Amino acid sequence: MPIPPQEAASALHDIENAERQSATAYRYQKSSPHLFLWGIIWTIGYAVIYARPRDWLVWAVLIVVGTIGSFWISWRAGVKRTRASFSWRYTATLLALYLFTGASFAVLPPRSSAQIDAFFPILIALLYVILGIWTRAARIALLGLALGLLTVGGYFWLRQYFLLWMAVVGGGALILGGFWLRSI
């Protein structure tokens with residue numbers, strides 16, 4: 001007995017929805033450990049700078065550790081990407097971010113270290129929002145939005161404690177985001 005066209009279309013629609021939800025859950029599962037790692041790095045970095053403002057080089061060390069850690073997490077999780085489809089995109093994205101940051105600082109030079117301390121989390125928040133939009137991962141987009149709002153709020157209303165705010169709230173948001181993504 002043949003399946004009526006409406007039933008076939010409905011079944012295909014259900015299959016597409018299940019596929020999309022499965023892919024999103026998979027991305028969340030793979031992203032979660034990275035959020036834990038970078039949440040801890042943000043907490044340590046901002047706490048150290050709050051306690052010892054002259055030790056800003058701690059960020060260079062933490063970024064290297066975080067980058068190596070992210071590659072290791074991806075390698076352990078067996079995340080495989082084809083060279084042709086992703087390699088050039090990552091390189092182009094990093095180059096675009098580098099050029100954007102340089103151009104932003106050239107056109108709108110920061111007048112205080114607090115502006116620099118707020119700029120990078122806002123940039124990261126924007127990247128999460130864009131990633132969430134492009135991959136249909138609403139939780140990642142919402143995490144980026146929350147991170148951006150918390151950063152701007154702390155910058156304007158808690159200026160004296162901004163670095164401590166970012167250590168607790170910025171790092172905490174990433175860690176909680178990791179738990180939130182893992183809960184799928």
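How do the residues of the lining of the second largest pocket divide into nonpolar, polar and charged? In this predicted model, the lining has 14 nonpolar residues, two polar and one charged.

## The second largest pocket

The volume of this pocket is about 320 Å³. Its lining is made up of 17 residues, and those nearest the centre are Phe-105, Gln-115, Ala-118, Phe-119 and Ile-122. Two or more lining residues come from each of helix 3 (83-107), helix 4 and helix 5 (138-157). Helix 4 gives the largest share, seven residues.

## Helix 4 against helix 5

Helix 4 covers residues 113-134. The axes of helix 4 and helix 5 come within 7 Å and cross at roughly 160°. Angles over 145 degrees count as roughly antiparallel, so helix 4 is roughly antiparallel to helix 5. Their crossing is left-handed.

On the helix 4 side, the residues in contact include Ala-114, Gln-115, Ala-118, Pro-121, Ile-122 and Tyr-128. Helix 5 contributes, among others, Ile-140, Gly-144, Leu-147, Thr-151 and Tyr-155. By class, the contact of helix 4 with helix 5 holds 16 nonpolar and five polar residues, with no charged ones. Gln-115, Ala-118 and Ile-122 take part in this contact and are also among the residues nearest the centre of the second largest pocket.

## Helix 4 against helix 6

Helix 6 spans residues 162-182, and its axis lies 11 Å from that of helix 4, at an angle of about 15°. The two helices are therefore roughly parallel to each other. This crossing, too, is left-handed.

Helix 4 makes the contact through Ala-114, Asp-117, Ala-118, Pro-121 and Tyr-128, and helix 6 through Phe-162, Leu-163, Met-166 and Leu-174. Eight of these residues are nonpolar, none is polar and one is charged. Ala-114, Ala-118, Pro-121 and Tyr-128 of helix 4 also belong to the contact with helix 5.

## Helix 5 against helix 6

The axes of helix 5 and helix 6 come within 10 Å, crossing at roughly 170°. That angle makes helix 5 roughly antiparallel to helix 6.

From helix 5, the contact residues include Arg-139, Ile-140, Leu-143, Leu-147, Leu-150 and Tyr-155. From helix 6, they include Phe-162, Trp-165, Met-166, Val-169, Leu-174 and Trp-180. The contact of helix 5 with helix 6 has 14 nonpolar, four polar and one charged residues.

Definitions and conventions. Residues are numbered from 1 along each chain as its sequence is written. This is a predicted model: local features need pLDDT of at least 70, side-chain atom pairs count only at pLDDT 80 or more; totals for chains, interfaces and linings use all residues. Side-chain values use heavy atoms; hydrogens and water are left out. Axes are lines fitted to C-alpha atoms, for helices over the stretch in contact, and angles run from 0 to 180 degrees between N-to-C directions. Helices (H or I, at least four residues) and strands (E, at least two) are DSSP runs, numbered from the N terminus. Angles under 35 degrees count as roughly parallel, over 145 as roughly antiparallel, 65 to 115 as roughly perpendicular and the rest as oblique. A crossing is left-handed if the near helix is turned anticlockwise from the far one by less than a right angle, and right-handed if clockwise. Contact means heavy atoms within 4.5 Å. Ala, Val, Leu, Ile, Met, Phe, Trp, Tyr, Cys and Pro count as nonpolar, Asp, Glu, Lys and Arg as charged, and the others, Gly among them, as polar. On a 1 Å grid over the protein atoms alone, a cavity is a set of points where a 1.4 Å probe fits but cannot get out, and a pocket is an open set with protein on both sides within 12 Å along at least five of seven lines; lining residues have an atom within 4 Å of a point. Grid points are joined across faces, edges and corners, and a volume is the space filled by probe spheres set on the points.
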